[in-house]
Amino acid sequence: MFERFSQSACRVCDLAYEEAERLRHDYLGPEHVLVGLARVSDGGTGPILRSRGLGPDALRARLDQLVADEVLPGPWRNQADLLRGLGIDLGEVRQAAETSFGPDALCAALRRARRHAWLRDLPFLTAGPPSPLAGKALVAKRAFWLAGQEASRLGQDQAGPEHLLLGVLRDAEDPAGTGLSRRARRGCAYLGLPWHGPSPVRRLVEAAGTSLAELRTAVLASVHATT
Amino acid sequence: MTALAAATRSQDPEVGLTAVAALRGLVDVLEALQVENARAKGWTWKAIAERLAVSKQAVHQKYAGGRLPRIRR
């Protein structure tokens, strides 16, 4: 999935990660990617989003509002903070495990810890609540996959920020939790994420007074203008 | 952070239960890590089970086996 991402798409992912860190979220969701897309300087996504009232600062304010409305998880759910409350330093535990057994052993143990053998090789979140040692859950996975699909459909090998934005918009058309198994929805519920109803990205876009379809046409127009 | 530590010890079940689930996720992985290491060092399932205070069948069922589900006949 990621091997097709262009350099600026990877930069978007880094920015999205920063945003998830700011909100103390244990997952990387499409809503974080949207903030990354608004912040990134190269590629046409920043101007498109900013001209429609979806600049980084506006998005952050709306995300904070969604957290306050309990649509998105609050900062108290951060697993590292919860464990620190119990007197456990997660970073120290991870470092100790990695130095004595190596990072590969830790990855193997994360797969092993899945309760059922036949779930071990399935993608993340399918086996229920994620372990705090596993890092952030990749909730934006479907959006990333759709971004790759959009890039192929437009006949490009590499997926850039525009394709990522198209993927995020396509993902947001469906209600939250689409394409997830019952077990994965339980994982979402544990993270404090909505698993039904309008997706957070749709809420963000519609709160700015625009629509998913309108944004999509704007992005497609900019893609066709540059090629 | 002290406020959060206090919140964890507080009587709010939502915070307390979420913290316990996080702790369980941590313990599961550490257990798998140690079992894997013990097996690599040639420990028997019986010896591992004794240290974990569970039956040898339990630890074998949880950690032995390959990737595919066992076919039940």
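Is A:Glu70 buried or exposed? A:Glu70 is exposed, because 10 other C-beta atoms lie within 10 Å, where a residue counts as exposed with 12 or fewer such atoms, as buried with 20 or more, and as partly exposed in between, the C-beta atoms being placed from the backbone.

Before the tour goes on, please note that this is a predicted model, in which local features need pLDDT of at least 70 and side-chain atom pairs count only at pLDDT 80 or more, while totals for chains, interfaces and linings use all residues. Residues are numbered from 1 along each chain as its sequence is written, and chains are lettered from A in the order in which they are written.

**Select A:Glu70**

You will find A:Glu70 in the loop between helix H4 (56–68) and helix H5 (79–85) of chain A; helices here are DSSP runs of H or I with at least four residues, strands are runs of E with at least two, and both are numbered from the N terminus. Although A:Glu70 is not a glycine, its phi is positive, near 65 degrees. Most residues other than glycine have a negative phi.

**Select A:Arg24**

Another non-glycine residue with a positive phi, of about 60 degrees, is A:Arg24, which sits in the loop joining helix H1 (7–22) to strand S1 (27–28) of chain A. A:Arg24 is partly exposed, because 16 other C-beta atoms lie within 10 Å.

**Select helices H2 and H11**

Now colour residues 30–39, helix H2 of chain A, and residues 200–207, helix H11 of chain A, whose axes come within 8 Å and cross at roughly 45 degrees; each axis is a line fitted to C-alpha atoms over the stretch in contact, and angles run from 0 to 180 degrees between N-to-C directions. That angle makes H2(A) oblique to H11(A), since angles under 35 degrees count as roughly parallel, over 145 as roughly antiparallel, 65 to 115 as roughly perpendicular, and the rest as oblique. On the H2(A) side A:Pro30, A:Glu31 and A:Leu34 meet A:Pro200, A:Val201 and A:Leu204 of H11(A), where contact requires C-beta atoms within 7 Å.

**Zoom out to chain A**

Chain A as a whole holds 12 helices and two strands. The radius of gyration of chain A is 18 Å, close to the 17 Å that the globule rule gives for 227 residues, so chain A is as compact as a globular protein of that length; the radius is taken over C-alpha atoms, and the rule is 2.2 Å times the number of residues to the power 0.38. Of the 227 residues, 38% count as buried.

Conventions
Contact = placed C-beta atoms within 7 Å.
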